[in-house]
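Keep the picture at hand while you read.

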Amino acid sequence: GGMFETEAHLAALHADPDAAALYFTSSGTTGEPKIIPMSQRVLAMRAERGNLAPGERPFLLGSVEDYPGRSSRLRAAHQGLTSVLQSTEGSSRLDVRDLCSRLRVTRLDLTVLQATGLAAGGPSALAFPAGLKAFASGSRVPKTLRDAFRAAGTPLYVEYGAREAGGFTSTWPADRDPSIENVGSVVAGTELELVGADGAPARHGEIGEIRVRSAVMVGGYLRDAEATSRHFRDGWFHPGDLGSLTCHGSLVLHGRADDMMNLSGIKIFPAEIERVLESDASVKAAAAFAVPSAVYGDLPYAAVELHDAAARDVSALM
C-alpha cells in the first residue's frame, strides 16, 4: 500500500512496470487466503481490455479498499474517466437510484447480494436512468434476478473472472443464451478450456474444470509455492470452477470442483438443485450442500429462504 512507499520504491516502479506495484488478497472462502502481487503493466492492460466506453461514469457499490473497488477506480483513472463514489454512511435502495440520477452514472457494478437487495424493492427500485448498464459478478447470478432487472428496463450484464487472471467471460454487449443462466462468452484476449479429471479436453456440452490463460495473468502467489503449483499449471490458471459450454459458446457455471456431490456414484452439482428451487415463485434464495453419509457418500440437502408473504410446505418444494 501507499503508506509505506518510499521515493526509492516509487523510482523502482517507474523504472520497471513489471515490478509488483500493488498486493491484493484472493478469496479466503476455501480457508486458504492468498496474496497476489500485481504490476502496473498488468493493471494497465486490464484497463485497456475492459468494456469502459468513452465518457463512461462508473459507480461500484462497495469499498475502495478491496480488489474490485480499487481496481475499478484504477481502470477508470487509467482511461481518463470519472468514478462516482458513495457516502461512508451507506446507501439505501432509494439513495443508489437517486445518486445514479444526480451524478449521471452510466455503469453500476454490483455484487449478487446487492443486486438481490435492489430487486427486493420491486420494479420501481430498479427504475434507473435510461442508458444505465448494471453489471453483476462474484458468484452465481440467478436468472430470476436478471429477469427482474430486464422487466424494469435496466439490463443486468454478468461477468465472470478471477483476480489472478482478469475477466474470463461476459454477457456484454449481448447475451447469446438469454433463456438460460450463463456467464457469457469468452472475452477477447482470453483462452478458456474445459478439461476432465485426466486433463484431457471435455467434449462439447460436457462439464469440465475451467482453465484460462491470457496476457493479463499474474505469475503466481506471493511466497506460496504450494498454492501457486496447484492453480498455475503449464501456463494455465485453474480457478477451481466447473463449467460447460452451450452450442452458442456461452459458459454455464456448475459450482466449485470441490463442491460436487457424489451420491452412490451419481455426480450432483449444487447449482443444479439451486436453479430448480429458485424457479419456484415462492423461493427467494436457495443453497444446496452435501451431508456426509457412510452408506451413500453425499446426501444432498438444501437451505431455502422464502419470500416474506410466501406460504409453501417442504413436500411441495421437494
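R140, E181, E274, R275 and E278 are joined in a network of salt bridges, a salt bridge being a side-chain nitrogen of Lys or Arg within 4 Å of a carboxyl oxygen of Asp or Glu. Bear in mind that this is a predicted model, in which local features need pLDDT of at least 70 and side-chain atom pairs count only at pLDDT 80 or more, while totals for chains, interfaces and linings use all residues. Residues are numbered from 1 along each chain as its sequence is written, and side-chain values use heavy atoms, with hydrogens and water left out.

The structure has 20 salt bridges. Here are three of them.

| Salt bridge | Closest N to O |
|---|---|
| R163 and D66 | 3.3 Å |
| E191 and R213 | 3.0 Å |

As for the labels, helices (H or I, at least four residues) and strands (E, at least two) are DSSP runs, numbered from the N terminus. D66 is partly exposed, with a relative accessible area of 38%. On this scale buried means under 20% relative accessible area, exposed over 50%, and partly exposed in between (1.4 Å probe, protein chains only).

E191 is partly exposed at 40%, and R213 is partly exposed at 30%. With D241 and R256, the partners are in strand β13 (residues 241-245) and strand β14 (residues 251-256), so the pair ties together parts that are 15 residues apart in sequence. D241 is buried, with a relative accessible area of 12%, whereas R256 is partly exposed at 26%.

S26 is in the loop between β1 and β2 and counts as buried at 8% relative accessibility. Setting aside neighbours within four places in sequence, S26 is in contact (heavy atoms within 4.5 Å) with P33, K34, I36, R163 and E164.

On to the rings. A pair of aromatic rings is described by the distance of the centres and the angle of the planes. Rings of Phe, Tyr and Trp (its six-membered ring) pair if their centres lie within 6.5 Å; planes under 30 degrees apart count as stacked, over 60 as edge-to-face and the rest as tilted. The structure holds six aromatic pairs. One of them is Y221 with F232, which is edge-to-face at 5.4 Å centre to centre and 75 degrees between the planes. Y221 lies in the loop between β10 (208-214) and α7 (225-231) and F232 in strand β11 (residues 232-233), so the pair ties together parts that are 11 residues apart in sequence. Y221 is buried at 7%, and F232 is buried at 14%. F232 also pairs with F237: their ring centres are 5.1 Å apart and their planes at 45 degrees, so this pair is tilted. Y221, F232 and F237 make up one aromatic cluster.

R107 lies over F135, at 3.7 Å from the ring centre, and R211 over W236, at 4.4 Å.

Which residues have the most contacts inside the largest nonpolar core? They are F59 and F237, in a core of 46 residues. Such a core is a set of buried Ala, Val, Leu, Ile, Met, Phe, Trp, Tyr and Cys residues joined through side-chain atoms within 4.5 Å. Strand β6 (residues 156-162) gives the most to this core, with four residues. Leaving aside neighbours within four places in sequence, the contacts of F59 include V84, L85, V96, L99 and R107.

The buried residues of α3 are Y67, G69, S71, S72, R73 and A76, and their cover includes β1 (20-25), β2 (35-39), α2 (40-49) and β3 (58-60). After α3 comes G80, whose phi is positive, near 75 degrees.

Notes:
A charge sits over a ring if NZ of Lys or CZ of Arg is within 6 Å of the ring centre and within 35 degrees of the ring normal.
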